[in-house]
Amino acid sequence: MPDFEKGLSSLLVAIDACRGRVDPIALGRAQTLVERIGRRLSLSRDVTVIALAGATGSGKSSLFNALTRTALARPGVQRPMTRQAMAATFGTHETTELLDWLGITNRHILPGGKLDGIVLVDLVDNDSIALGHQEEVDRILEVVDEFFWVVDPQKYADATLHEQYLRRYSGHQSVMTFVLNQMDRLSAREAADIRQDFVKILQEDGIARPVVCQVSALTGHGIAALRRRASQVAKSKQSMVARLRADILMHAKGLRGQLGLGQVGPLTSGQLVNLTQACTDGAGVEQVGDAILASVKQRGAVATGWPLLSWISGLKDDPFKRLRFDRRRAIRALGGGKGADGGDHVTPTRVHPIASARIESAVRALRIEAGANLPAGWQGPLDRVVREQAPTLPDAIDRAMVSCELDLTRSRPWWTVIRVLQWLILLTALGSAGWLLAPLFTSMDLPIWQGFPLP
């Protein structure tokens, strides 16, 4: 019971975690199972409900009579042979409320004996063509504690039985017994061959170690052994918990399948490059880079140009200042300012609508790649995140741009060297000119070198 309670608790946690991420139908079935478990645990926990399930002509009703040692069931040749589910309660256990929950009105009470504590149910044929019979079979099979699958030599490999039921309940191996009926029609060799083939098919269904009993309801062969198995099942009182535990695992696997079992690989560099390119284009990184280059050239020209003329370059508009980065930085530093309502006001992004559309397209392509291996249940939440977050990306890009430290006001060391040289040259030229003109106003003689005045 502790393991069972832990499994039930884990399923409840999984149901809450899966809301909005898995198929609502699968989630609803898991929730219905939790409610069904609670209901079953409240009803006649000391009895074990065993269902005789099988197709038309398998001999379920005859087997029911053989096990109960009565003639309550009416075998026949018309389809469907069993028209209504019937239950036989062995012993004095109170099962009225349980059978009401099972929806079985045709019920009988028999002496307990070795089968005390068993409620044996003769189901409607699982391949019945009568309206409503299929639903009744499915409904009762969902709530019984133990399955006795009855097959005959002609239909033991019936596709409906295996595909619709046995593969579905393959995880319930611990509460399933397979009964090969009508063995009186076969020789010992034929019976052995059919049993071997039947076991092989069951293993292909996912039932690794099936328990197979060979009986003949007509001659009584194997009936005593089948009654002993039913008695052992009842005495162990493990079927109900084992069945519910298997149900929990089955629905847990169903939810896990909805969530996806494969690994989601890393995003390819191509999509990341596309998104990065779209973001840089949207932010005008190339234009900003060109403006920075032009601004640096202009400031460099002012710093290193001929001192008498470089000031002219300084009169030109600074290409970078035209981007108004300094003003945008100041607004960002103040938290975007306050709107008229007193709330935070986000500075409108400078991303062009066309560029914004490119960014959204790149984000969408990235989302498609990121969710390629995700199950459908995760596609919706991922789309929701993209829809909510994608519109904030242009503003985030703008914030990143204005927060960059461009360091445009810093003077380059080589600018200083050039500036000093330029001024030395200018001062030298002015000194030489004064020296050259000095004889016009004074009696100074100019020194001559190679026939030219030294100044």
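Rings of Phe, Tyr and Trp, the last represented by its six-membered ring, are taken as a pair if their centres lie within 6.5 Å. The legends below describe views of a predicted model.

**Figure 1. Overview of the protein.** The secondary structure of this predicted model comprises 17 helices and nine strands. Of the 455 residues in the protein, 40% are buried. Among contacts with a separation of 6 or more, 72% are made by residues 24 or more positions apart. The accessible surface amounts to about 25400 Å², and carbon and sulfur atoms contribute 58% of that area.

**Figure 2. An aromatic cluster of four residues.** The cluster is formed by Phe147, Trp149, Tyr165 and Tyr169. Across the whole structure, a search identifies six aromatic pairs.

**Figure 3. The ring pair of phenylalanine 178 and phenylalanine 198.** A pair of aromatic rings is described by the distance of the centres and the angle of the planes. The centres of the rings of phenylalanine 178 and phenylalanine 198 are 5.9 Å apart and the planes stand at 85°; because planes over 60 degrees apart count as edge-to-face, the pair is assigned to that class. Phenylalanine 178 lies in strand 6 (residues 176–180), whereas phenylalanine 198 belongs to helix 7 (residues 188–204). The two residues are 20 residues apart, and their pairing links distant parts of the chain. Both phenylalanine 178 and phenylalanine 198 are buried.

Figure 4. Tryptophan 415, at 6% relative accessibility, is buried because its value falls under 20%. The charged end of arginine 412 is placed over the ring of tryptophan 415, at 5.7 Å from the ring centre.

**Figure 5. The surroundings of threonine 95.** Threonine 95 is located in the loop between strand 2 (86–90) and helix 4 (96–102). With a relative accessibility of 6%, threonine 95 is under the 20% limit and so counts as buried. When neighbours within four places in sequence are set aside, the residues in contact with threonine 95 are Ser44, Val47, Thr89 and Val119.

Notes
Residues numbered from 1 in each chain as written. Predicted model: local features only at pLDDT ≥ 70, side-chain atom pairs only at ≥ 80, totals over all residues. Heavy atoms only, no water. Phe/Tyr/Trp six-rings, centres within 6.5 Å; stacked < 30°, edge-to-face > 60°. Helix = DSSP H or I, 4+ residues; strand = E, 2+ residues; numbered from the N terminus. Buried < 20%, exposed > 50% of the residue type's maximum accessible area, 1.4 Å probe, protein only. Lys NZ or Arg CZ within 6 Å of the ring centre and 35° of its normal. Contact = heavy atoms within 4.5 Å. Areas by Shrake-Rupley, 256 points an atom, 1.4 Å probe, with all protein chains shown as cover.
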